[in-house]
Amino acid sequence: MLLRLRRNLAEDERATFLALAAELGYAVRFVEGEPELARLEGPGRPEHRSRLEDCHAVVGVLDGGQAHELHQRAPGAPDRVVRVGEGAFGGGSVSLIAGPCAVEDAERTLQIAREVRARGATVLRGGAFKPRSSPYSFQGSGRAGLEVLARVRREARIAVVTEALDPREVEAVGEVADMFQVGSRNMANQPLLRELGLQRKPVLLKRGFAATLREFLLAAEFVLAGGNEDVVLCERGIRSFDPSTRNVLDVGGVAWLKLHTHLPVIVDPSHAAGHADLVRALARAGLAAGADGLICEVHPSPSEVHSDGEQAIGLEDFSAVAADARALAALDGRTVVQPAREDAREPERVPARPVG
Ligand code: PEP
Ligand code: MN
């Protein structure tokens, strides 16, 4: 590991640094003629970089060397492939997540689930607990929404991703969801991330709209450090000065993430765009930048939607997005995972009735 230290360190600051390096098991060598450059030789554990950055004597880590954090792609290491129901993200597999912003009534949600599945989505999205900017806006249907999702999951045979806002909701959400969503407003909610680190279901982590990529990766690190290795990162647009689009889709960030982490990265063109007319273009851009999937807000009747109606695309538009995804994935030898055909599936088992 290569560190830059402060200039003209006081003796006690230098001694504190050397003691920390020794405690972590490193031998320290100063680069000749460069008293601020320290090379640390030793074991390299995921937590070492942050421990050293906390030390007053250290200005920054120039090269983490062998101290790989858990999200970091080691040179030449393959992608982590995260599987959710029939979907798979990473390692050449691209999957599509689609559905309403918020869970609707059971019949409507079931209809949407069947329609998006028939068009290529392997995972249904839909928030029961909605993170809204105003406490007076629609907050989601809560536990009733989870019940709707449970029924739709069973009847449409599609995996479900839905948001948990609070660590106290994780258990209830986990009884229904195949994947936990952490929204942009909650990316840095550490108690929630720690709780999800203890779960054995994948996590869809959305980038905070003002978070750097390093902050985004460190949020993922909270989940990974808890023992849950299945994190899918989602770029959903960052805030800018220009209100023409709701956010700015950071396609450069997607390409950067694919280089620096082995975790799958997907794109949410809906929250980036804010307008249905822009969703297809942003979906294409995200996939061209290397995204391992998309999450799109889709609704057969956007004017009736409870939240984010302006950005919901219709079913035909989702078919076009799915066709684009197949074409773009094929360009670099990847495949879009298709849901199994309904008629090729075994009938669902009905639990045996208790006798008597
Ligand atoms: C959502 O997915 O509906 C949502 C609220 O997204 P974000 O957290 O990215 O704003
Ligand atoms: Mn939304």
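These numbered points go through a predicted model, from its metal site and ligand to its helices and loops.

1. **The manganese site.** Four residues coordinate the manganese ion (ligand 2): Cys101 through SG, His271 through NE2, Glu297 through OE and Asp308 through OD. The distances run from 2.1 to 2.4 Å. Along the chain, the donors follow the spacing C-x169-H-x25-E-x10-D. Cysteine 101 sits in the loop between β7 (93–99) and α3 (106–118), and glutamate 297 in strand β14 (residues 293–297), so this pair ties together parts that are 196 residues apart in sequence.

2. Are cysteine 101 and glutamate 297 buried or exposed? Cysteine 101 has a relative accessible area of 4%, and therefore counts as buried. Glutamate 297 is buried as well, at 2%. The cut-off for buried is under 20%.

3. Arginine 125 places a polar side-chain atom 2.9 Å from an oxygen atom of ligand 1. For histidine 271, a polar side-chain atom lies 3.2 Å from an oxygen atom of ligand 1. Glutamate 297 has a side-chain N or O atom 3.2 Å from an oxygen atom of the ligand.

4. **Helix α3, span and ends.** The 13 residues of α3 should span 18 Å at 1.5 Å a residue. The end C-alpha atoms are 18 Å apart, which agrees. What caps the N-terminal end of α3? Aspartate 105 does, with a side-chain oxygen 3.2 Å from the backbone nitrogen of glutamate 107. After the helix comes glycine 120, with a positive phi near 115 degrees.

5. **Helix α3, two sides.** The buried residues of α3 are Ala106, Thr109, Leu110, Ile112, Ala113, Val116 and Arg117. They cover an arc of only 160 degrees around the axis, which puts them on the same side of α3. Glu107 and Ala118 are exposed on the other side. What does the buried set pack against? Its partners are β7, β8 (123–125), α4 and α11 (315–331).

6. **Helix α11.** This helix has 17 residues. From first C-alpha to last, α11 reaches 25 Å, close to the 24 Å expected at 1.5 Å a residue. Its buried residues are Leu315, Phe318, Ala320, Val321, Ala322, Asp324, Ala325, Leu328 and Ala329. They pack against β7, α3, α10 (276–288), β14 and β15 (335–336). Just after α11, glycine 333 takes a positive phi of about 70 degrees.

7. **Positive phi outside glycine.** Asparagine 8 has a phi near 50 degrees, positive in a residue other than glycine. Its place is the loop between β1 (2–5) and α1 (11–23). At 76% relative accessibility, asparagine 8 counts as exposed. Arginine 157 also has a phi near 50 degrees, again a positive value in a residue other than glycine. Arginine 157 lies in the loop between α4 (142–156) and β9 (159–163).

8. **Aspartate 166.** This residue lies in the loop between β9 and α5 (170–176). Which side chain does aspartate 166 join in a polar contact? The partner is arginine 168, at 2.6 Å.

9. **Alanine 38.** Strand β3 (residues 34–41) holds alanine 38. The residue is buried, with a relative accessible area of 0%. Leaving aside neighbours within four places in sequence, alanine 38 is in contact with Met1, Leu2, Leu3, Leu5, Phe17, Val28, Arg29 and Phe30. Alanine 27 is 11 residues from alanine 38 in sequence, and their C-alpha atoms are 9.9 Å apart in space.

Key:
Residues are numbered from 1 along each chain as its sequence is written. Chains are lettered from A and ligands numbered from 1 in the order in which they are written. This is a predicted model: local features need pLDDT of at least 70, side-chain atom pairs count only at pLDDT 80 or more; totals for chains, interfaces and linings use all residues. Side-chain values use heavy atoms; hydrogens and water are left out. Helices (H or I, at least four residues) and strands (E, at least two) are DSSP runs, numbered from the N terminus. Buried means under 20% relative accessible area, exposed over 50%, partly exposed in between (1.4 Å probe, protein chains only). Donors are N, O and S atoms within 2.8 Å of the metal (3.2 Å for Na, K and Ca); water is not among the atoms, so sites may look incomplete. The expected span of a helix is 1.5 Å times one less than its number of residues. The arc is that of the directions from the helix axis to the C-beta atoms. Contact means heavy atoms within 4.5 Å. A polar contact is a pair of N or O atoms within 3.5 Å; within protein, one must be able to donate a hydrogen and the other to accept it, and residues adjacent in sequence count only if both atoms are side-chain atoms.
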